[in-house]
Each structure stands twice: as C-alpha cells, then as structure tokens.
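Reader: I have a structure open and want to learn how to read it. Can we take the features one at a time?

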Amino acid sequence: MSTARGSDGRESSAGAASRGTWCGVDLAADPRRTGLAVLAEDPSRSRVRVESVTVGADDEEIIAAVLDADRTGVDVPFGWPQPFVEFIEAHARGGEWSARLTGEGWRRRVAMRTTDVVVHERTGLVPLSVSADRIAHPAFRWAAIAARLRQSGADTARDGTGAACEVYPAATLKLWGLPHRGYKRTDGGERRRDLVQRLAAMLPWLDWRGAEESCAASDDALDAVVSALVAREIDRGRCVRPGPDQVGTARVEGWICLPAGAPAAPPHFASA
C-alpha cells in the first residue's frame, strides 16, 4: 500500500488541466436519500467554496456532476469481492467451489474486499459488506450509473484513478481526528452540528456559503460534502493508493480512497 502525494499545481492527478471543481455523492438506493455536493476553488486560489449541496439527486444529476467535475468522491462500493463472484458463478453452474470452503475464514473472504480489509487495518472500522449487506442496493445503482458514464466517455476505473473514486466518510473523519459515530442517527442533529463546527474550525479556507444548516439537518448532505473534500485530496494526489500487489484486485473490486492527511489549504490562502 503506497501513499501518493502531489502538488497543488494546475494539473490534476488524472492528467488533465484542473478546473478546481470537485463533487461528492452520498449514494443511496433511493434518489430521495442521495446527497450531492459540489466544491469549487475561487479564481484567486485562496479559498474553496461550497457551490451547492442537495439531497434528492437522481441518476441524471449525478452523471452531469461527475462529467463536470475534476474528480468525484462516491460513498458506495464500486465492485464485489473476487472470491464472491467466483463463488456465485460456480454455484449458478452447479459446480464445485467446496475446495475453498475450508476453515473459519472462508465466508470472510467471500464477504470482504481487499480494500475493506485494508481500511479495517488502517482505521479499525469495518466497511459494510457489498456481498452480504444492504449496501449492495446502492452498489447496484452505482454499477448502472458507471455504465452510463462509460458511454459518455468518462474513465470509470474502480481503483481510484478514474473520474469517480470510492470514498468512506466515516473512516475519513476518524483519520482527520473528528467524531465519526452517531451523526447518522435520526436524533443525531446535535452531533452533526458539532461536526460541522469542527470541520469549519479545521478548514478555515472552506467557505460554506450557508450550507452548514443543510449539513446539520441531513447526514446525507454532510457525507456528500466530506466526499467532495476527499475528492479534492484524491485529485491533488494526497490519498492512500493500492500497493503493487493490490493494484490488480483494486481494478476489479474497487478501492476505498483514504486521505493521506488533513485537507491542505489552497495555495494562496493566508490565515488571519
């Protein structure tokens, strides 16, 4: 596992000229629960603005946002564990997969992707299993969106090098030293408000433009903003990349892009 670090130059890590626009999507199976946030660097490159935060994004809005942004962070699994795919294919054919059904850990190999294991080792958090939990439903939705993005010419690589990258807001918040539990509950409004205040204090260069209230009211909106912040870090090369022995698997299963550190200020930001 390696950590890619880049400059804040005008070249994005995808190799194209950067427009200074990043998107975050908290993807749910139901569009009504899907958060969408857009961040933009101001022309002076001294601040980053929250351009918009909405909850209720449909597929068309997500596709348009991904195509318009330098990079998009999406809170959803991009793929399934390779052993799970092999297991299902063998089961459908009536074939034998029993040679691998040995020991207490075989179900874990079917349920968890390589990136899920890496995230657990790095953060102590256990991502939801895309092959054994309800997170599969939004993953189905993303697979369909990704197919349409490919038709539009977008790079949909699953390993964190494409136009959209898989992110994990709770793990990101923990790595940034911020509260990462309890804010998603229906009664978590005060936790969300506190989290927004802590984020604002940590990122004085981020101009919320009134989005604080939306994020305090909805964890979908808040996770979308965090996802967009991670997209900016990915775009600038400040994220944890797969190691040489993990690259091939990440291209198939997906890769959760964890930030390599706290978000860096824009180049010309001057603190008071």
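Reader: Which residues line the second largest pocket?

Author: Start with the general idea. Rolling a probe the size of a water molecule over the atoms shows where empty space is left. Now the case here, in a predicted model. Phe78, Gly79, Trp80, Trp142, Ala143, Ala146, Arg150, Thr156 and Arg158 line the second largest pocket. Its volume is about 150 Å³.

Reader: How many residues of that lining are nonpolar, polar and charged?

Author: The lining of the second largest pocket splits into 5 nonpolar, 2 polar and 2 charged residues.

Reader: What is the volume of the largest pocket, and which residues lie nearest its centre?

Author: The largest pocket holds about 890 Å³ of space. Its lining has 34 residues. Asp26, Asp75, Leu128, Ile135 and Lys184 lie nearest the centre. Helices α5 (136–151), α6 (169–175) and α9 (219–235) are the elements that each give two or more residues to this lining. The largest share, 3 residues, comes from α9.

Reader: How does the lining of the largest pocket divide by residue type?

Author: Count 17 nonpolar, 4 polar and 13 charged residues in the lining of the largest pocket.

Reader: Now strands. In which sense do β3 and β4 pair?

Author: First the general idea. In a regular strand the side chains alternate between the two faces of the sheet. Here, β3 (residues 35–41) and β4 (residues 48–55) pair in the antiparallel sense, over 7 bridges. Leu39 stands opposite Val50 in β4. The hairpin of β3 and β4 has 6 residues between the strands, and Arg45 takes a positive phi near 60° there.

Reader: In which sense does β4 pair with β7, parallel or antiparallel?

Author: β4 pairs with β7 (residues 206–207) in the parallel sense, over 2 bridges. Arg49 stands opposite Asp207 in β7.

Reader: Next, the inside. Which residues have the most contacts within the largest nonpolar core?

Author: To read a core, look for buried nonpolar residues joined through their side chains. The largest one has 36 residues, and Leu199, Leu206, Trp208, Leu222 and Leu229 have the most contacts inside it. β3, β4, α7 (189–202) and α9 each supply at least two residues of this core. α9 gives the most, with 10 residues.

Reader: What does Leu206 touch?

Author: Leave out residues up to four places away in sequence, and Leu206 touches Arg47, Val48, Val50 and Leu229. There is also a second, separate core of 27 residues, including Ala57, Ala65, Val76 and Ala164.

Technical notes:
Residues are numbered from 1 along each chain as its sequence is written. This is a predicted model: local features need pLDDT of at least 70, side-chain atom pairs count only at pLDDT 80 or more; totals for chains, interfaces and linings use all residues. Side-chain values use heavy atoms; hydrogens and water are left out. On a 1 Å grid over the protein atoms alone, a cavity is a set of points where a 1.4 Å probe fits but cannot get out, and a pocket is an open set with protein on both sides within 12 Å along at least five of seven lines; lining residues have an atom within 4 Å of a point. Grid points are joined across faces, edges and corners, and a volume is the space filled by probe spheres set on the points. Helices (H or I, at least four residues) and strands (E, at least two) are DSSP runs, numbered from the N terminus. Ala, Val, Leu, Ile, Met, Phe, Trp, Tyr, Cys and Pro count as nonpolar, Asp, Glu, Lys and Arg as charged, and the others, Gly among them, as polar. Two strands pair if DSSP finds at least two bridges between them. A nonpolar core is a set of buried Ala, Val, Leu, Ile, Met, Phe, Trp, Tyr and Cys residues joined through side-chain atoms within 4.5 Å. Buried means under 20% relative accessible area, exposed over 50%, partly exposed in between (1.4 Å probe, protein chains only). Contact means heavy atoms within 4.5 Å.
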